[in-house]
Amino acid sequence: MLKIGLTGGIGCGKSTVTALFSNYDIPIIDADIIAHQLVQPGQAALKHIEQTFGPAILNSDDSLNRQQLRDIVFSDTAKKAQLESILHPLIFQQMQAEHLQQSSPYSIICIPLLIETKMTSFVDRIVVVDCAIETQIERVKQRDQLSTERILSIIASQVTRKTRLSYANDIIDNSKSTTQLAEQVKKLHNQYLLLNSN
């Protein structure tokens, strides 16, 4: 059973593409969803984060204050590395466990920071969802109401578009119409079925 790693910069449309793959009954294992589960109240990872960054990162109901934590790690690379060292091993462990529970020909493992975390060997193939930086900025502005400056700082914290594309076995161009996007996914789906049967 193939592990297809799906990645792309912020605002490139990874969620849209994973939804299209799920239409073919392909399991989607999403690093962001797992990360959210790991930091729910009562989880060991959240306790570890609180011990590392202090009680200020918790809301009054003991849930994670994501904005507070984001502000801390985006302004300090050492603190960002600390957070990643807590979460990343747990995320990859959970993704592997979920993958092994599947019975489909392949699963889509959505990892926004696949290349940044140097975990490319975790997957069998890498598909990159790609679009122009201008498109990324526009989409993130509409979705998250962030300033252009903040969006550019997030883009700068990720690998460059050129680097990401250099790792790709397959590229999905998400600057085209919805119909063209669906066609690209269909083509890759058939390709992955063929690869798995060989």
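Modeller: A residue is called buried when its relative accessible area is under 20%, exposed when it is over 50%, and partly exposed in between. The model is a predicted one. Under that rule aspartate 62 counts as partly exposed, because its relative accessibility is 47%, and it belongs to the loop between α3 and α4. Its phi lies near 70 degrees, a positive value in a residue other than glycine. Most residues other than glycine have a negative phi.

The largest nonpolar core has 29 residues, and the members that touch the most others are Ile49 and Met95. At least two residues come from each of α2 (31–38), α3 (44–53), α4 (66–74), α5 (77–100) and β4 (125–130). Helix α5 gives the most, with six residues. Leaving aside residues up to four places away in sequence, isoleucine 49 is in contact with Val39, Gly54, Ile57, Leu69, Leu83, Ile86 and Leu87. Apart from this core lies another one, of 19 residues, including Leu2, Val127, Leu181 and Val185.

The sheet comes next. Its five strands form an open sheet in the order β2-β3-β1-β4-β5, and their pairing is parallel. At the edges stand β2 (28–30) and β5 (170–173), each of which pairs on one side only. On average, neighbouring strands are turned by 25 degrees against each other, direction ignored. Four bridges join β1 (residues 2–7) to β4 in the parallel sense, and leucine 6 stands opposite valine 127 of β4.

Which residues of helix α1 are buried? In this helix (residues 14–22) they are Lys14, Val17, Thr18, Leu20 and Phe21. These residues lie on the same side of α1, because the arc they cover around the axis is only 155 degrees. Among the elements that cover them are β1, β2, β3 (106–110), β4, β5 and α9. Helix α9 (residues 178–197) also holds glutamine 184. This glutamine counts as buried, since its relative accessibility is 19%. Not counting residues up to four places away in sequence, glutamine 184 touches Ile171, Ile172 and Asp173.

The charged pairs complete the picture. Side chains of opposite charge can pair when their charged atoms come close. The model has eight salt bridges. In one of them, arginine 150 meets aspartate 71, at 3.3 Å from N to O. Arginine 150 is in helix α7 and aspartate 71 in helix α4, so this pair ties together parts that are 79 residues apart in sequence. Both partners are partly exposed: arginine 150 has a relative accessible area of 22%, and aspartate 71 has one of 34%.

A further salt bridge links glutamate 84 and lysine 80, with the closest N and O atoms 3.2 Å apart. These two residues are four apart in helix α5 and are therefore separated by about one helical turn. Glutamate 84 is partly exposed at 24%, and lysine 80 is partly exposed at 22%. Aspartate 144 and arginine 143 form a salt bridge as well, their closest N and O atoms being 3.0 Å apart. Aspartate 144, at 33% relative accessibility, is partly exposed.

In the loop between α6 (133–144) and α7 (148–157) one finds glutamine 145, a residue other than glycine with a positive phi, near 55 degrees. Glutamine 145 is exposed, with a relative accessible area of 61%.

Terms used: Residues are numbered from 1 along each chain as its sequence is written. This is a predicted model: local features need pLDDT of at least 70, side-chain atom pairs count only at pLDDT 80 or more; totals for chains, interfaces and linings use all residues. Side-chain values use heavy atoms; hydrogens and water are left out. A nonpolar core is a set of buried Ala, Val, Leu, Ile, Met, Phe, Trp, Tyr and Cys residues joined through side-chain atoms within 4.5 Å. Buried means under 20% relative accessible area, exposed over 50%, partly exposed in between (1.4 Å probe, protein chains only). Contact means heavy atoms within 4.5 Å. Two strands pair if DSSP finds at least two bridges between them. Axes are lines fitted to C-alpha atoms, for helices over the stretch in contact, and angles run from 0 to 180 degrees between N-to-C directions. The arc is that of the directions from the helix axis to the C-beta atoms. A salt bridge is a side-chain nitrogen of Lys or Arg within 4 Å of a carboxyl oxygen of Asp or Glu.
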